[in-house]
Amino acid sequence: MPIHSVAEQQLAMQPFLAPGLDALADWRLAMERDLALLERYLLDADLLDPAAQSASQSLRQRLASDKLVIAFVAEFSRGKSELINAIFFADAGRRVLPATPGRTTMCPVELCWDDRELPTLDLLPIETRREAASLVEWRAQRERWKRLTLDPNDTEGLARSLNEVTATRLVTVDEARTLGLWADQSPSDNPPLQADGRVEVPAWRHAIINYPHPLLQRGLVVVDTPGLNAIGTEPELTLGLLPSAHAALFVLGADTGVTRSDLDIWNDHLGGQGLASFVVLNKVDTLADPLATPAERERAVERQCADTAATLGIPRGRVFPVSARQALAARLAGDEAGLAASRLPALEAALNADLLPQRQQVLSRTVISGVQSMIEHATRRLRDQRRGNAEQMLELRSLRGKSGSRVAQMLVRVHADTEEFERCASRLTALRAVHLRMLRDALHALSSDRLREAVASLQANLGTSWFNLRARSAFESLCQGLLEQVDRAAHQCAEIDQMLQATFKQLNAEFGFTLALTPPPDLAPFREELQLIEKGYSRYFSVTRSLRMSGPAFNDQFQRMLMSKLRVIFENASAEVESWNQMASQQIDGQFKDRRRGFKRRREALERIQQATGELEHRLAEVEQQDVRLMEVIEQAYAQANELRQLAQRGPATEGLMRDAIDTEPGTASLLAGGTDLVLP
């Protein structure tokens, strides 16, 4: 059906990802808002301890700052930049990233948006490769980057500024070798010599474009990688940016198919890495034979797609023939037929169907788990407070019609109970000492000292070069040792769990606590991360790749990047262990203080009753009202938690429907969610 209105035409030209990212971002922010309301409500009701509050704040920060990272990977001149222009920046009315012949992106480029910064293009000089600092460290030293201010309203000026990413410079072979861009052992990978004996190298090591494009504002991050040489010589790109991406678009030339260098990129950096990889056969318009029939042209395209899938060992459905140039021209002209002929909408639909639901599922599980944990903490505190109220009401009701001597006897009993309870203070002190010792043992296995020792041992075994014949086995030994450290920490956590379970049971029986221990942290995901690092990094210790990467610059950066990745895993695992133990300790301290306050309130109530006629009934009414308020608070908290859980389950696509149901008919929301609501204990 033809499109008549301007609005309908603009909608048809809009990238498929736009509405999906909008819905995902709105959904994330809605969950962050509702989580903040639940957190504040529980805090005001004194039903949330500091550890649970800290966990909630971390979850809210993750929801607010979550990014969807898509990496574009290809050899030079495969049309990555044009594809990025067509998918994301056609609304600018022209090319934004340079994509004309002879103007090739020479350094890795990140396109993102941080509203704490101005629109800028930050360029890291190639000379920084001479220094030991990693790219992560350079990010914190933006004063050493060249910064160009961007005007989002000036598309011509924006395009001119972004031409900087194509800049090169001529250096001597010795300089190129120092920069890690020339390897005597791998001459085929070296840039060609110029007539004067110099070689052309990128002017910049890395570029970050902070630009308020609507898709970038919604949490999208685009990574543009320039060719095998740049990928192979920048460890933080291969070992940091690419593995952290949620999807990779591997761009090939439809006219050339999978070349040797394309296959090297796939085998070295993408195949088997666990990324959601999409293969794009770009420039499919070059396959159009004017002498062939439409059916013959279609068969030629299909044959190239099938051959590509077979060569890369992936399903045919992961290969998408596209003409990025035709798609960009169609979007700029508002040509719906031209856009369909470019075949780009099929790729965008696949990205929309695969990536966004996966991201939503990850966030949904995280939010539901976090809300469940908050409610469990609140419920435990509620039960303890209600139990104290019940004890008070039993005592007060037993005093009805009793004489002053009976009140005095009750006071004596309260004093005796208080003294008996205070005896547990010494038990708790001993428990803290044992708990702290066991926790230190668990954290010792995950400490940065153990990590440094392991890496230093590997370095001592390998000497100055990490890339030699002994490297693979030595690296595997390092990874095995680190896995054993994680297993040791998990074993220590299991022992802590057994000790605390037994102690909690005794304290509950002897002193009336209601202590309940959550399961110990699951360190299996950190084990899996280490195994992925071992699998991904081991490939760089093969003979052919060792020759390519044995230069001093790459060697040093590789070590730094490896240490950085391992440190993050160990720090995160250590934080989970510490958080779990902290929650247990805070639960003990909280219940001890609550019980102590309860005894104090009982004593003060009896003293007031002893002094004033009619105080008994008044105090009884106060305690009963307090208990009613507690039930109202937890019912409201459960209602808020259920709404948040349902919002997480429903996902962004049906958020509006679910919200309407909650606003107009509260009972309908749980039916729409299709799950089991949280139920009051």
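**Entry 1: terms and model**

Angles under 35 degrees count as roughly parallel, over 145 as roughly antiparallel, 65 to 115 as roughly perpendicular, and the rest as oblique. I noted that this is a predicted model, in which local features need pLDDT of at least 70, side-chain atom pairs count only at pLDDT 80 or more, and totals for chains, interfaces and linings use all residues. Residues are numbered from 1 along each chain as its sequence is written, and side-chain values use heavy atoms, with hydrogens and water left out.

I counted helices and strands as DSSP runs numbered from the N terminus (helices are H or I with at least four residues, strands are E with at least two). The chain has 25 helices and 11 strands. I call a residue buried under 20% relative accessible area, exposed over 50%, and partly exposed in between (1.4 Å probe, protein chains only). Of the 681 residues in the chain, 50% are buried. A contact means heavy atoms within 4.5 Å. Among contacts in the chain with a separation of 6 or more, 82% are between residues 24 or more positions apart.

**Entry 2: helix 17 and helix 19**

I looked up helix 17 (residues 424–445) and helix 19 (residues 471–511), whose axes cross at roughly 170° and come within 8 Å. Axes here are lines fitted to C-alpha atoms, for helices over the stretch in contact, and angles run from 0 to 180 degrees between N-to-C directions. Helix 17 and helix 19 are therefore roughly antiparallel to each other. Their contact holds 14 nonpolar, five polar and five charged residues. For these classes, Ala, Val, Leu, Ile, Met, Phe, Trp, Tyr, Cys and Pro count as nonpolar, Asp, Glu, Lys and Arg as charged, and the others, Gly among them, as polar.

**Entry 3: helix 3 and helix 15**

Next I looked up helix 3 (residues 50–65) and helix 15 (residues 344–398), which pack at an angle of about 160° with axes 10 Å apart. That makes helix 3 roughly antiparallel to helix 15. The crossing of helix 3 and helix 15 is left-handed, a word used if the near helix is turned anticlockwise from the far one by less than a right angle (right-handed if clockwise).

From helix 3, Ala52, Ser56, Leu59, Arg62 and Leu63 take part in the contact. They meet Arg359, Val362, Leu363, Thr366, Val367, Gly370, Met374 and His377 of helix 15. Sorted by class, this contact of helix 3 with helix 15 has seven nonpolar, four polar and two charged residues.

I then asked: is Arg359 buried or exposed? Arg359 counts as buried, because its relative accessibility is 12%. Leaving out residues up to four places away in sequence, Arg359 touches Leu24, Arg62, Asp66, Lys67, Leu68 and His246. Arg359 and His246 are 113 residues apart in sequence, and their C-alpha atoms are 8.5 Å apart in space.

I traced an open sheet of nine strands in the order 4-3-7-2-8-1-9-10-11, with mixed pairing. Two strands pair if DSSP finds at least two bridges between them. Strand 4 (146–149) and strand 11 (319–321) are the edges, and each pairs on one side only. Direction ignored, neighbouring strands of this sheet are turned by 20° against each other on average.

Strand 8 (residues 220–224) runs antiparallel to strand 2 (residues 109–112), with three bridges between them. Opposite Asp224 in strand 8 stands Val109, and opposite Val223 stands Glu110. Strand 8 and strand 1 run parallel and are joined by five bridges. Here Ala71 has Val223 of strand 8 as its bridge partner.

Which residues of strand 8 are buried on each side? Leu220, Val222 and Asp224 are buried on one side, and Val221 and Val223 on the other. In a regular strand the side chains alternate between the two faces of the sheet.

Phe72 is in strand 1 (residues 68–73). I list Phe72 as buried because its relative accessibility is 0%. Beyond its neighbours within four places in sequence, Phe72 is in contact with residues including Lys80, Leu83, Ile84, Val222, Val223, Asp224 and Leu249.

Last, I looked up helix 6 (residues 155–162), in which Gly157, Leu158, Ala159, Ser161 and Leu162 are buried. The buried residues of helix 6 pack against strand 3 (120–125), strand 4 and strand 7 (204–210).
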